[in-house]
Amino acid sequence: MTSMKNVGIILLLAFNMSFLWSQSRKNSNEVAVIRELKVSEWGGKSYRFSADIKGENFDDLSEAGLNTVQLGKGKFNLLNHTAAQSRISGSGDNKNWKTVTIEGKIDPESQLIWLYLLTFGNGKFYFDNLKLNIQTQDGWKDIPIENADFEQTDDVKKALKPYKNTAPLTKNENIKAVITTSDHNKALMFESKNNTFHYETYYGYNPAKGHYITLTDGKKIYYETYGEGESLLLLHGNGESINSFKNQIPELSKYYRIIAVDTRGQGKSVDQDSEFFNYQMFEKDLEEIISQLQLQKVNIIGWSDGAITGMLYAIQHPEKVQKLVLMGANLNPSEEAVSSKILNQAERDIEKLKKQNDPQNKTVIKLLEMILKEPNIPVSELSKIKAETLVMAGEKDLILEKHTELIAQHIPDSELKIIKGETHFLPIENPALFNKTVLEFLRKER
């Protein structure tokens, strides 16, 4: 099963995505308003998105700029983005207007494009003359953007009505938006003050805590360690990385020595050569990791695909696992176990990626194919698990509730928790509840 929800769309709102080292800079006054336009008829064609931008009263860490995101069919079908590549910063002379431009291609599968206006930090940030152009046989074609020059109204609420993600402008008292008159006539201005900056560890890209293990087949598996105490391994879902546990590691590392692993072919554990992936391969990798680290007994939290890997390891090595947490696990890929929506989506995604005939898609295709073909664990095998086990899922999980109940019924020393109102993405969507539930189980004395 997969935990590949396109949280990337949300993550794009963090404007400093290029800062992917041990820490990333966060601030209290980010603005990311989105204008949505249809682009389905322009698939495969080049585009340019531009706007005039200037800034006043910048500090050295402040920035303003543009971004684009393309979406296919479906709410979270993120196709590509520009990673906030076009911006102005406080380090230069940006009191005069500058035309900032993003260039790219419309994905053949794109239905929509999101045009972002972004600000970060303190200052006054001005935007004007938004333009989206598509290259056709007859030259560059202007795609209409209503009120692109902000001349139609002085009412900022009306001006921002066509935009998404405007809630922070009303909820944060330190950010305000106005239509202002300047040397460009009217323009949209965001003013941010009393901004606070802090730094957060970017888990999965932290060289101070990162290590590699070389497997017997020559592949390298990346992992990071945090905290002290009993060993607690964190195993992420399909297509994810260590960073999917960013909301768990700080809390869990207060009590345990965290060993967070990038599974083969994911995160920084690159594997473009293997013909296919399966959970038996991932379980063997986990066995080698535990052996090379000379761990005598471990605790495991597995989420989605990671839960399947952890379950297989506990079956094969029951003496090595003390406590086991399974979040959103499944035994097989049938519609009796998994929501048909995710199976159908995986089929569509595989077909689309194969049509692109891009070698870079090979790993993603292999991971998606696992969703349709894997795992295949007989229910009878679950009786071999000797670890105390917490079997978890959300009430609205991608894994059907009856199937989660089936897993718990056949693991001898297990506890079942179906979390009311929550989904397969509980560790991201409600980390406080997930962490509390897991720690109560892990720290409970027998």
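1. The model is a predicted one, and its secondary structure comes to 11 helices and 22 strands.

2. The part examined here is an open sheet of 8 strands with mixed pairing, in the order β15-β16-β18-β17-β19-β20-β21-β22. Because β15 (210–214) and β22 (414–419) stand at the edges with a single partner strand each, one side of each is left without a neighbour in the sheet. From one strand to the next, the twist averages 20°.

3. Strand β20, which spans residues 321–327, is mostly covered, with 6 of its 7 residues buried. On one flank, β20 is joined by 6 bridges to β19 (residues 298–303), the two running parallel, and within this pairing Gly302 stands opposite Leu326 of β20. The chain passes from β19 to β20 by way of helix α6 (residues 305–316), and this β-α-β crossover is right-handed.

4. Strand β20 also pairs in the parallel sense with β21 (residues 388–394), over 5 bridges, and here Met327 is placed opposite Met392 of β21. The parallel arrangement continues from β21 to β22, which are joined by 6 bridges; the bridge partner of Met392 in β22 is Lys417.

5. Two helices deserve attention for their placement against these strands. Helix α6 packs on the sheet, where it touches β17 (231–235), β19 and β20, and its direction makes about 150° with that of β20. Helix α9, formed by residues 401–410, lies across β20, β21 and β22 and runs at about 165° to β22.

6. Which residues touch the most other members of the largest nonpolar core? Within this set of 41 residues, they are Ile300, Met311, Leu326, Ile385 and Ile407, and the largest share of the core, 7 residues, comes from α6. In soluble globular proteins, nonpolar side chains tend to be buried together.

7. Leaving aside residues up to four places away in sequence, Ile385 touches Met311, Ala314, Ile315, Leu324, Ile411 and Pro412. Among these partners, Met311 is, like Ile385, one of the residues that touch the most other core members.

Technical notes: Residues are numbered from 1 along each chain as its sequence is written. This is a predicted model: local features need pLDDT of at least 70, side-chain atom pairs count only at pLDDT 80 or more; totals for chains, interfaces and linings use all residues. Side-chain values use heavy atoms; hydrogens and water are left out. Buried means under 20% relative accessible area, exposed over 50%, partly exposed in between (1.4 Å probe, protein chains only). Helices (H or I, at least four residues) and strands (E, at least two) are DSSP runs, numbered from the N terminus. Two strands pair if DSSP finds at least two bridges between them. A crossover is right-handed if, with the strands pointing away from the viewer, the path from the first strand over the helix to the second runs clockwise. A nonpolar core is a set of buried Ala, Val, Leu, Ile, Met, Phe, Trp, Tyr and Cys residues joined through side-chain atoms within 4.5 Å. Contact means heavy atoms within 4.5 Å. Axes are lines fitted to C-alpha atoms, for helices over the stretch in contact, and angles run from 0 to 180 degrees between N-to-C directions.
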